[in-house]
Amino acid sequence: QVQLVESGGGLGQAGGSLRLSCAASGRAFISYSMAWFRQAPGKEREFVASISWGGGQQYYQDSVKGRFTIARDNAKNTVYLQMNSLKPEDTAVYYCAADRQFGRSGYSYWGQGTQVTVLS
């Protein structure tokens, strides 16, 4: 099992940048694929990005390609989401997730979420 705690959310300006972090505790972080999802008010939670256990494979939602980058540091048990060229439509609660399978859905473990608000 793995426990996840997100940090780094807050207020951002359109065109600016924010970096989210997700610290994992528990066993064998390196064996888990990691992902970020988000949920905007009144909308369903949606996939943002994912990264395989070794970092060699990544998936991105089309709307964030070229703007967001997911990365992981297995020595620190941490996954990051670097968000550049922010848009107001990026405003959402961002969740970190983990699972032994890599993909865009089906994640078993979730953090509590961190709010990101982008001002126009």
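Select Arg38, Glu46, Arg67 and Asp90: a network of salt bridges links these residues. A salt bridge here is a side-chain nitrogen of Lys or Arg within 4 Å of a carboxyl oxygen of Asp or Glu. The structure holds four of them. This is a predicted model, in which local features need pLDDT of at least 70, side-chain atom pairs count only at pLDDT 80 or more, and totals for chains, interfaces and linings use all residues. Residues are numbered from 1 along each chain as its sequence is written, and side-chain values use heavy atoms, with hydrogens and water left out.

**Stop 1: the salt-bridge network**

Start at Arg38. Its salt bridge with Glu46 has the closest N and O atoms 2.7 Å apart. Glu46 is partly exposed, at 32%. The cut-offs are under 20% relative accessible area for buried, over 50% for exposed, and partly exposed in between, with a 1.4 Å probe and protein chains only.

Strands (E, at least two residues) and helices (H or I, at least four) are DSSP runs, numbered from the N terminus.

Stay on Asp90. Its relative accessible area is 1%, so Asp90 is buried. Move across to Arg67, which forms a salt bridge with Asp90, the closest N and O atoms being 2.8 Å apart. Arg67 lies in the loop between β6 (58–60) and β7, and Asp90 in the loop between β8 and β9, so this pair ties together parts 23 residues apart in sequence. Arg67 counts as buried, at 10% relative accessibility.

**Stop 2: the open sheet**

Select β1, β3, β8 and β7. In that order, these four strands form an open sheet with antiparallel pairing. The edge strands are β1 (2–7) and β7, each pairing on one side only. From one strand to the next, the twist averages 20°. That angle is taken between N-to-C directions and runs from 0 to 180 degrees, with axes as lines fitted to C-alpha atoms, for helices over the stretch in contact. Two strands pair if DSSP finds at least two bridges between them.

β1 and β3 pair in the antiparallel sense over six bridges. Pick Val5: its bridge partner in β3 is Ala23.

Strand β7 (residues 68–73) pairs with strand β8 (residues 78–83), antiparallel, over six bridges. Pick Arg72: its bridge partner in β8 is Val79. The two strands form a hairpin with four residues between them, and Asn77 in the turn has a positive phi of about 55°. Which residues make up the covered face of β7? They are Phe68, Ile70 and Arg72, while Thr69, Ala71 and Asp73 make up the uncovered face.

**Stop 3: the disulfide**

Select Cys22 and Cys96. They form a disulfide, with their sulfur atoms 2.1 Å apart. The criterion is a pair of cysteine sulfur atoms within 2.5 Å. By this rule there is one disulfide. The link of Cys22 and Cys96 is left-handed, with -80° about the S-S bond. Cys22 lies in strand β3 (residues 18–26) and Cys96 in strand β9 (residues 92–99), so the pair ties together parts 74 residues apart in sequence. Cys22 is buried, at a relative accessible area of 0%. Cys96 is buried, at 0%.
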